[in-house]
Amino acid sequence: MSADKKTKTGHKKTKAGERLTKIMTDYYVDLHKGANKGKFVVWGAIIIPAELLKGFDSVVFAVPESHAATRAAKALGPMQCEKAEQMSYSMDLCSYARIDIGTAFDGGKGSPTFGLPKPDLLISNNNNCSLLVKWFDVYHREWGTPHFILDVPFCYESQKKKDLNYIIDQYHDLIRILEEMTGEKLDMEKVQEALNYTNEALKHWKRFISFAANRPSGITAFDSFVQMAPILTMRGTPELAEHFKFLADETEERVEAGIFPIPNERYRLLWDNIAPWHQLRKMSSRLAKLGANIVSASYTYCFGSLEGNFDPYHYEGSDPLWALARMQNTTICPTGLGLRCKAMSEAIERIGIDGVVFASNRSCKVYSLMQMDQQKYISEKCGIPTVMIDVDHADVRKYSEENAFLRIEALLESIGARRAGA
Amino acid sequence: MRALAPGELEHSRECGLTKVLTVGVDSGSNTTKVAVMRNGTIIGSGVTFTGYSAEKSWKRLLEDVLSDLGVDMSSVGRIVSTGYGRNVVGIADKAITEITCHAAGAHFLDSSIRSIIDVGGQDSKFIALDGNGRVENFAMNDKCAAGTGRFLEVMARALEVDLDKFGEISLQSENPARISSLCTVFAESEVVSLISKGESRENIIAGIHEAIASRITSMINRVGVRCPVLMAGGVAKNIGVVKALERELGADIKVLETAQVNGAIGAAVLAAAIEG
């Protein structure tokens with residue numbers, strides 16, 4: 001293995017990290033190129049059936065949430081939020097929405113990706129981010145872009161057949177609309193092929209995040225947060241499957257070679273909520289100095305997993321629309337507390353977690369609302385210390401580093417005291 | 001607390017115990033506190049405003065406390081720092097959060113204590129202890145000044161009343177005013193409005209204390225109160241807040257003379273426990 005390239009901050013970048021930068025750059029370049037050539041641009045929520053869009057050669061897919069997260073990770077969040085605030089959007093709204101609205105109405109200025117090409121169709125759903133329907137409605141109002149809203153029933157248990165059929169019916173509507181708007185007939189074989197690529201990618205994603213169980217962990221959750229970008233934007237592509245295979249293989253090689261991100265790991269933590277994009281490097285470095293590693297996160301293990309399961313859903317070649325409807329019931333937001341607790345308890349046991357950091361996120365009420373009850377459940381059922389900190393996933397102005405670290409350090413001290421007393 | 005007896009330190013030195021003192025430094029947002037311990041006894045402590053330079057404050061305070069004891073830094077062994085400025089105390093052997101330090105301080109002073117309410121300059125905390133004095137759970141205020149010492153400072157300024165007199169004045173109230181806003185700035189506007197309507201200072205101050213107590217009680221209920229309860233931090237000196245909290249919680253609250261230096265005492269106790 002050749003010497004690792006160092007980033008500006010001195011952090012060693014893995015080859016998969018370098019590769020990620022390249023494939024994401026290629027993705028945004030291809031997106032803009034496609035739009036310039038007259039391709040049909042869809043803006044979608046992160047969990048809409050992206051694989052279905054692969055059945056149309058003329059469609060390119062953009063994900064405002066992922067684009068906003070990228071801006072926040074590049075320390076551009078406040079600048080773009082302020083643009084929306086100057087248009088009178090409240091500071092209390094989700095920072096992803098403010099970044100996206102600020103960027104979109106400023107023609108992509110200040111975005112390294114030049115923003116996103118203007119959409120021909122908006123597709124939102126209400127099973128992950130309930131705000132997103134209203135957020136996309138802004139573009140519908142301002143630009144007159146058609147807006148397809150996918151209604152996914154909330155779940156407390158395994159998906160009911162009538163709910164599954166209800167989602168499939170909506171997919172048929174979506175296909176009809178796409179065929180009418182693009183003038184192209186859906187190619188279901190391409191959808192099936194796309195599902196196979198996603199399936200392959202999720203298999204390797206699972207391999208990658210499972211290196212958290214190694215002692216010391218082979219990964220940090222911060223690495224996995226960053227590597228999530230193509231799951232959101234490139235589902236159903238061979239590039240995604242290849243990249244996650246490369247990522248998992250490289251991680252396996254590093255673990256076998258004894259290369260660990262936090263070699264002196266003394267505390268193994270789990271993170272609950274969306275990544276604090278503006279703090280990734282800062283938080284991981286400060287934790288590393290304390291011998292602590294956030295090894296896993298509900299945000300990263302929820303992708304591809306259904307209804308409180310830790311393992312990803314495995315597509316076995318059945319009807320693509322049926323499989324895509326099943327995949328709407330991912331583990332975190334569209335599920336009740338019981339299923340969320342089930343998935344987290346399993347992660348804690350499998351990975352070997354010492355403590356949980358519940359990050360109450362000012363921007364994401366859907367993710368945060370039940371955290372207090374989940375914290376109580378996990379503390380009692382798993383018998384490990386937990387802590388609640390305040391964050392905002394993309395607006396650094398609503399985050400206090402010292403306040404957060406006081407609580408995290410107190411959590412580490414509690415873990416230490418329990419070990420000493422054990 | 002007691003001063004060193006004449007010849008006590010010299011005797012220790014003759015026995016080969018040169019570094020006989022352990023020190024806790026609590027560098028808080030508003031005030032800095034120091035506690036000095038010897039042979040399991042707290043022998044000195046002090047409080048000063050943190051001001052612009054946290055480093056200068058703790059150094060000067062420590063020198064003063066040691067000087068009052070008739071000793072200097074050469075007698076100091078282990079030092080533990082705590083508080084928001086815990087990482088600026090460069091000579092500390094260890095930085096420990098005030099959550100753990102308050103627990104250690106409370107357990108050292110009264111081993112029956114099972115929970116602590118700490119209301120300081122910029123935050124408020126509730127800490128539940130297990131039977132061995134270890135932190136079992138805790139909760140803190142979120143990013144808001146309501147329910148903290150800063151809230152009281154702002155209100156004292158609006159009412160032109162010395163903060164030290166707040167507690168006693170509020171006890172004279174017969175009909176506390178209602179302060180409904182959770183935001184310090186909005187609450188200040190409410191207070192100004194009450195003043196203009198001719199509401200008495202006693203009733204306004206009592207209303208402020210009830211608002212703080214209500215806010216802190218919400219935080220306490222996230223963890224669940226356990227008796228006996230100790231109150232620590234500078235706001236514990238305000239009898240009005242203590243009484244309002246007792247009413248809200250339906251439980252007695254112990255306030256020791258050492259309330260404001262409880263975190264520093266805990267730091268000194270933990271310093272004494274450092275091995276090597």
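Is Arg98(A) buried or exposed? I looked it up, bearing in mind that this is a predicted model. Arg98(A) is buried, at a relative accessible area of 1%; the cut-off for that word is under 20%.

I went looking for a charge partner next. Side chains of opposite charge can pair when their charged atoms come close. Arg98(A) makes a salt bridge with Glu85(A), and their closest N and O atoms are 2.6 Å apart. Glu85(A) sits in helix H4 (residues 77–86) of chain A and Arg98(A) in helix H5 (residues 95–104) of chain A, so this pair ties together parts 13 residues apart in sequence.

**Entry: other salt bridges**

I picked out Asp57(A) with Lys190(A), where the closest N and O atoms are 2.8 Å apart. That pair links distant parts of the chain, 133 residues apart. Asp57(A) is in the loop between helix H2 (50–53) and strand E4 (59–62) of chain A, while Lys190(A) is in helix H8 (residues 188–210) of chain A. Asp57(A) is partly exposed, with a relative accessible area of 46%. Lys190(A) is partly exposed as well, at 28%.

Then I checked Arg350(A), which forms a salt bridge with Glu346(A), the closest N and O atoms being 2.7 Å apart. What separates these two along helix H15 (residues 337–351) of chain A? About one helical turn, because they are four residues apart in that helix. I noted Arg350(A) as partly exposed at 39% relative accessibility, and Glu346(A) as partly exposed at 23%.

I also found a network in which salt bridges share partners. It joins Lys282(A), Arg286(A), Glu401(A), Glu402(A) and Glu409(A) with Arg86(B).

**Entry: a parallel sheet in chain A**

I traced an open sheet of four strands in chain A, in the order E8-E7-E9-E10, with parallel pairing. Strand E8 (292–297) and strand E10 (386–391) are the edges, each pairing on one side only. On average, neighbouring strands are turned by 30° against each other, direction ignored.

I zoomed in on strand E9 (residues 355–361) of chain A, which six bridges join to E10(A). Within that pairing, Phe358(A) has Met388(A) of E10(A) as its bridge partner.

Which helices pack on the sheet? I wrote down H17 (residues 371–382) of chain A, which touches strand E7 (267–272), E9 and E10 of chain A and makes about 175° with the direction of E9(A). I also wrote down H18 (residues 401–421) of chain A, which touches E7, E8, E9 and E10 of chain A; its direction makes about 170° with that of E10(A).

In soluble globular proteins, nonpolar side chains tend to be buried together. I looked for where that happens here. The largest nonpolar core has 150 residues, and those with the most contacts inside it are Tyr96(A), Phe225(A), Trp271(A), Trp277(A) and Tyr299(A). H18(A) gives the largest share of this core, eight residues.

I listed what Phe225(A) touches, leaving aside its neighbours within four places in sequence. Its contacts include Trp271(A), Trp277(A) and Tyr299(A), along with Ala275(A), Pro276(A) and Leu280(A).

Conventions
Residues are numbered from 1 along each chain as its sequence is written. Chains are lettered from A and ligands numbered from 1 in the order in which they are written. This is a predicted model: local features need pLDDT of at least 70, side-chain atom pairs count only at pLDDT 80 or more; totals for chains, interfaces and linings use all residues. Side-chain values use heavy atoms; hydrogens and water are left out. Two strands pair if DSSP finds at least two bridges between them. Axes are lines fitted to C-alpha atoms, for helices over the stretch in contact, and angles run from 0 to 180 degrees between N-to-C directions. Contact means heavy atoms within 4.5 Å. A salt bridge is a side-chain nitrogen of Lys or Arg within 4 Å of a carboxyl oxygen of Asp or Glu. Buried means under 20% relative accessible area, exposed over 50%, partly exposed in between (1.4 Å probe, protein chains only). A nonpolar core is a set of buried Ala, Val, Leu, Ile, Met, Phe, Trp, Tyr and Cys residues joined through side-chain atoms within 4.5 Å.
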